[in-house]
Amino acid sequence: MTGIASKPLLDSLREIVGHDHVITKPEELLVYECDAYTLEKQLPTAVVLPGNTREVETVVKLCAANHVPIIPRGAGTSLSGAVLAVTGGIMIALTRMTRIIEIDYRNRRALVEAGCVNAWVTSAVKSHGLFYAPDPSSQPACTIGGNVATNSGGPHTLKYGVTTNHILGFEMVLPDGETVWLGTTPDGGEDVDGYDLRGVVIGSEGMFGVVTRVLVRLVRAPQAYKTMLGVFNTVDQASQTVSDIIEAGIVPGALEMMDQLITQAVEAAYKFGFPLDAGAVLIIELDGLAPSLERQAETVIGICRKNGAREVRVAKSDQERMDLWRSRKRAFGAIGRLSPNFITQDGVVPRSKLPEMMQFIGECSRKYGLRIPNVFHAGDGNIHPLILYDERHKEQVQRALQASHDILDKCIELGGSVTGEHGIGVEKIDFMARQFSTEDLDAMRMLRRVFDPEGRCNPHKMFPGSKRCGDFALRKQAAA
Amino acid sequence: MVLTASNVAEVAQTLSGIASQKITGFDLRGMNRLLEYTPEDMTVSVEAGITLAELQRQLGERGQWLPVDPPQAENLTIGALLAGNKSGPRRYGYGTIRDYLLGIKVVLADGRTIKAGGKVVKNVAGYDLCKLFVGSRGTLGVIIEATFKVLPKPETEKTVSATFPTLEALADTLEHLAVSSVVPVAVDTHNYGGTTTLVACFAGPSEDVSWQLGCARDLGFREDASFEYERAFWNSSEPARCLSVLPSKVVETLRQIEPKSYVVRAGNGIIYYRGGKEPDHPALPRELMRRIKDTYDPKHLLPELPW
């Protein structure tokens, strides 16, 4: 649907943001045809790169007057097709609005533009002993605005919580072009009367408006870390260790598992020194005040040993700790060594069901004849199976999709959720009706109508019955 | 009328049956079961009529707790806790109830039962409707069930205080505390007993607590303390006013409003007080709030927005 934006509209957009900041050439639009979920692709009609809130507001008003869909976009690192222009439309990319506007060290908050990269916030405040807690693996690239849209997590959410726990308030341009501030204002107290509109927008996948400025909470950096690598012969032993650590009343900063396949790939890529013959490794990071860390670490090591750990290594320096985390966070990148393509899922199960879930993933791997490495937030019960396939073999795509769907169904069956971090986007639309009743979905649609009565902001996402890209319909057919 | 019910069907029936009468309050004390508690998952599901104190008692048997401490937990139902977004001194260290709510079941004004969220600690499937109902004062639906994540109880907890002749002296210590290495779970200021007092509570592994108590002593916290002032303040029949300001502006604000009595979550900048001047009310996105109310309760059967 390329006729959606007339030449006069594009000319007006150029007038608002400047000629260089409107992209319409197909070859330049290619960057914006998908996010990190690449099974479905569609070019937006045009991409607009506004430089400030006023420009966003004017662009949104113009699109509203012309009844043209708008798609807010950050860095496009999302994993579920959340920024896909399903039927075309004007994509509003916030990547020019990257400033850290103000840092209030005393009150531990920072005001940033929506396009500010996640990792920049921590870099800016680190010297004051503060940090911005949510740390998705994409943090060197992803934007705070994108984090708000998807309610991003990361390894350290086990102790520190996810994005919604760290966003005080934000400025948002509603789909009709009105600008509102929701939640705590930059110079206001943290409690705000009225409905928690801040809370309902976070995680709404860009369907309620365009977030332009964000007030984030800064957290006191831990005094000390104790980062351990537990080496196990089996995934079962590692899973049991996760449960036992939690049961012992210890809340680690992070508790991550990597199975043998992924450990081997990561080792080949980054040469951290992971054992290649271990069934699973656990990264266990304790953080907080220094005095108790030694004793807590002893308890954790004891639990690892009791569950058959072959070895528990303790990071000897900050450098070693950073190297370990770099390897973990770039794990997805190492997959290229194993397979040309992969599908990743991020379902969640109750922690106590992890062993059962891991066994099920193993069965899926055998059943569909596909390798499925696992690297995930074990402490949260948030799995990340990576289903490896080669898109040149059509029937492999089909098997990979089927395995992925079986795994998500199992998450629901075990009382969990189909997504803990990545969101529904277009990818998991079909699962919404399995996880929620018609009434539940209606209650969500009601909220959508409040913010976007026309359903014009990031359309065709989240809800069953939404339009899909033509290309994907074909693939699905091939897979059926 | 007060909506009184002992099961979901009664809630739905009452809502569908009323035509002209308006619901002004809720009594769900008949729905007070603990539905599911999995200590190894650190999650618990309850009916909305159970009191916070009873829930804490049951969690306590397994060494866990729901880390919120609003006043009058003995009479506070989970439904009221959520609808009022109630909090207490330890919110400085642990956050508020919306940080712990994983899932919710609500009867909407038209009698339909919906759920939002789920039972796992991380979940971004669909909009976060849980947030819509926390603090909504019963204006959008009747909360009937809730699932929370819970925490292990801290190994040790210790509360200490310092008293000050003037608000200026208090301000100095507050600033020192803000930049020190300690991580208190509560930082309160009050004038119970006629003296300006600053209270700090430390919780966690015993080594950490002792170390912090040492630091606190150097900052002037010399006396053992308790949260007795909380009980005294909230037991009054005179309603308290509330103001939320930047934590750095607590003392300045106290000087401006000249309260008769006050309890301040100094770490968070939340001032509860009686006497003194009226607080200013900041602007709210009222149009959006009104649209939400009209969408979820088109016939306005449920209580009106109090703001």
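Predicted model: local features only at pLDDT ≥ 70, side-chain atom pairs only at ≥ 80, totals over all residues.
Q: What makes chain A agree with a compact globule?
A: For 480 residues, the rule for a compact globule gives a radius of gyration near 23 Å. Chain A has 23 Å, so chain A agrees with the rule. Its C-alpha atoms fill a box of roughly 70 × 60 × 45 Å along the principal axes, and chain A holds 17 helices and 18 strands.

Q: Why is chain B also said to agree with the globule rule?
A: With 307 residues, a compact globule would have a radius of gyration near 19 Å; chain B has 21 Å, which counts as agreement. The box for the C-alpha atoms of chain B is roughly 60 × 45 × 35 Å. Chain B has 10 helices and 16 strands.

Q: How many residues of each chain count as buried?
A: A residue is buried if 20 or more other C-beta atoms lie within 10 Å of its own. By that cut-off, buried residues make up 56% of the 480 residues in chain A. In chain B, 49% of the 307 residues count as buried.

Q: What makes strand 13 of chain A mostly covered?
A: Strand 13 spans residues 254-259, and six of its six residues are buried. Both faces of the strand are covered. On one side are Ala254(A), Glu256(A) and Met258(A), and on the other are Leu255(A), Met257(A) and Asp259(A), all buried.

Q: How do you know which strands pair with strand 13 of chain A?
A: Two strands pair if DSSP finds at least two bridges between them. Six bridges join strand 13 to strand 14 (residues 280-288) of chain A, and the two run antiparallel. Asp259(A) stands opposite Ala280(A) in strand 14 of chain A. Strand 13 also pairs with strand 17 (residues 375-376) of chain A in the antiparallel sense, over two bridges. There, Met258(A) stands opposite Val375(A).

Q: What makes strand 6 of chain B mostly covered, and which strands pair with it?
A: Eight of the eight residues of strand 6 (residues 101-108) are buried. Strand 6 pairs in the antiparallel sense with strand 8 (residues 141-149) of chain B over seven bridges. In strand 8, Val142(B) is the bridge partner of Val107(B). Strand 6 also pairs in the antiparallel sense with strand 7 (residues 113-117) of chain B, over five bridges, and in strand 7 the partner of Lys105(B) is Lys115(B). Strands 6 and 7 form a hairpin with four residues between them, and Gly111(B) in the turn has a positive phi of about 95°.

Q: What makes strand 13 and strand 14 of chain B edge strands?
A: Seven strands of chain B form an open sheet in the order 13-10-12-11-15-16-14, with antiparallel pairing. Strand 13 (223-224) and strand 14 (241-244) each pair on one side only. Inside the sheet, nine bridges join strand 10 (residues 156-164) to strand 12 (residues 196-204) of chain B. Helix 7 (residues 206-218) of chain B lies across strands 10 and 12, at about 155° to strand 12.

Q: How many residues does each chain give to the contact between chains A and B?
A: Chain A gives 69 residues and chain B gives 59 residues. Helix 16 of chain A gives the most to the side of chain A that touches chain B, with eight residues. That side has 24 nonpolar, 30 polar and 15 charged residues.

Technical notes:
Residues numbered from 1 in each chain as written. Chains lettered and ligands numbered in written order. Buried ≥ 20, exposed ≤ 12 C-beta atoms within 10 Å, placed from the backbone. Rg over C-alpha atoms; globule rule 2.2 N^0.38 Å. Contact = placed C-beta atoms within 7 Å. Nonpolar A, V, L, I, M, F, W, Y, C, P; charged D, E, K, R; others polar. Axes fitted to C-alpha atoms, helices over the stretch in contact; angles between N-to-C directions.
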